[in-house]
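Please look through the sequence and the model below before reading on.

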Amino acid sequence: MSPPVVAPDQSGFVIELEQFSGPLDLLLHLIHEDEVDITDLPIAKIADQFLAVINELGLNQAADYLEMAARLLRIKAQLLLPRRLGDDEWEDPRAELVRRLLEYQQIRELVEWLGEAAVRRAEQFGRGFRPEPPAAAPAPLVIELNDLLAAAERVIALIPEPELHRVVPRPLDVEGATAKIEALLAARESFGWRDVVGPRPSIVDALSAFIALLELARRSALRLDQRAPFAPIEIRRESPRAAA
Amino acid sequence: MSPLAQLLEAALFASSRPLTLEELLTLDPTVGESAVRTALADIRDTFAAGDHGVELVEIAQGWQFLTRRDYAEAIERAQFALRPRRLSPAALETLAIIAYRQPVGRLEVDEIRGVDSGAVIDKLSERGLVEVVTRGEGLGRPLLYGTTPQFLEILGVRDLDELPRLEELSVALRPPAPAEPE
């Protein structure tokens, strides 16, 4: 039976997150704990233990650990698939993981060596040795009022002039325009656009007049003529015979 | 000691970091490399043979006077100097990978460690232990990192050759396939 590793119900086994530098580290820890052959991993067992530990440690939120858990479960599933006898093509689904574990184990061994070397080196001091300064607190901010004002001016200069659109509730006065045109029609047989709206009409006035003209034309109160595109519009009473 | 040895001794005494052979050669343009090497050995032997509190150590591709190990605790207790902070396991792992795989990109370090190592590499780079040495081919021309002389210095080794060879490790990397009886 498996040794008393890390099932969630076995309390008293508390591991700090910092104890593992990653999912491979945790896997190696489980493998050593179980004293199993790394090249012949009992995947089902290791996968279960791995899941139990990351649940226990709340690591099941950490993407790196989750990815490894998924990988372990996939390998476990692949191993369960039936294999045909004499299938030479079969590749151990654990091979890649084992290669990575061995590689990582090698790194851990180097880490041990490097750590010891660093400790030994730290027993000797060079001339004028200064310990690394603690991360310096940020220097207090010193700001001259003039600098601040100058900076503000530079920034303000960069702000584009806002384009403001004044929105005025000013309904079209089609009725007024209609009355005006009818008055003109009464007085003159024909007249021009300018006679209706004046020399520099506002957009609202122009629109009102235009709509009124179209409406009157529809009602056959007048006729609109334009000799060519953009030529002045001529407005006539709709009673050519009477005029003739 | 010879006049040359005395000159080198003075220069090494004045420096707070390891001096390389090239630097030492500029002290006296009339002498050659072998003479400097001989003089350095002379100084080292003199300090080793006499009763001295410091020794000449070959370190980080150079030479430096360091206090003898025997006095580390006393010096530290008196607070003339403090031992540098220890590196975290994550930092050491990352350093090991970069040292053995250099020039190496972030992605490969991540892959071997099984965790994102960007922040660790940035820290090591800030401390001057690793640096960008070139850019890789592939997609995005990734930055490739290597170790610095500072890395050798904090380990107290002369050069990278002094690190253990991979074959010497108990876990030699070999293809895991067919279980080999030993």
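## Terms and source

Two strands are said to pair if DSSP finds at least two bridges between them, and helices (H or I, at least four residues) and strands (E, at least two) are DSSP runs numbered from the N terminus. This is a predicted model, in which local features need pLDDT of at least 70 and side-chain atom pairs count only at pLDDT 80 or more, while totals for chains, interfaces and linings use all residues. Residues are numbered from 1 along each chain as its sequence is written, and chains are lettered from A and ligands numbered from 1 in the order in which they are written.

## Strands and helices of chain B

Chain B holds eight helices and six strands, and from the N terminus on these elements follow one another as α-β-α-α-β-β-α-α-β-α-α-β-β-α. Strand β6 (residues 143-147) of chain B pairs in the antiparallel sense with strand β5 (residues 130-135) of chain B over five bridges, and B:Glu131 has B:Gly146 in β6(B) as its bridge partner. Strand β4 (residues 104-105) of chain B also pairs with β6(B) in the antiparallel sense, over two bridges, with B:Gly105 standing opposite B:Leu144.

Two packed helices are described by the angle between their axes and the distance between the axes. Here axes are lines fitted to C-alpha atoms, for helices over the stretch in contact, and angles run from 0 to 180 degrees between N-to-C directions. Helix α1 (residues 3-14) and helix α3 (residues 33-49) of chain B pack at an angle of about 70 degrees, with their axes 9 Å apart; α1(B) and α3(B) are therefore roughly perpendicular to each other, a word used for angles of 65 to 115 degrees.

In chain A, three strands form an open sheet in the order β1-β3-β2, with antiparallel pairing. The edge strands, each pairing on one side only, are β1 (190-192) and β2 (222-225) of chain A. Three bridges join β1(A) to strand β3 (residues 234-237) of chain A, and A:Ser190 stands opposite A:Arg236 in β3(A). Helix α8 (residues 203-218) of chain A lies across β2 and β3 of chain A and runs at about 120 degrees to β2(A).

## The nonpolar core

A nonpolar core is a set of buried Ala, Val, Leu, Ile, Met, Phe, Trp, Tyr and Cys residues joined through C-beta atoms within 7 Å, and a residue is buried if 20 or more other C-beta atoms lie within 10 Å of its own, exposed if 12 or fewer, and partly exposed in between. The largest core has 62 residues, and those that touch the most other members are A:Ile46, A:Phe50, B:Leu8, B:Leu95, B:Ala96 and B:Ile98. Helix α5 (residues 89-101) of chain B gives the largest share of this core, eight residues.

Leaving aside neighbours within four places in sequence, A:Phe50 is in contact with A:Leu26, A:Leu27, A:Leu30, A:Ala69 and A:Leu72.

## Where the chains meet

The contact between the chains takes 41 residues from chain B and 37 residues from chain A. On the side of chain B that touches chain A, the largest share, eight residues, comes from α5(B).

Definitions and conventions: Two residues are in contact if their C-beta atoms, placed from the backbone, lie within 7 Å. Angles under 35 degrees count as roughly parallel, over 145 as roughly antiparallel, 65 to 115 as roughly perpendicular and the rest as oblique.
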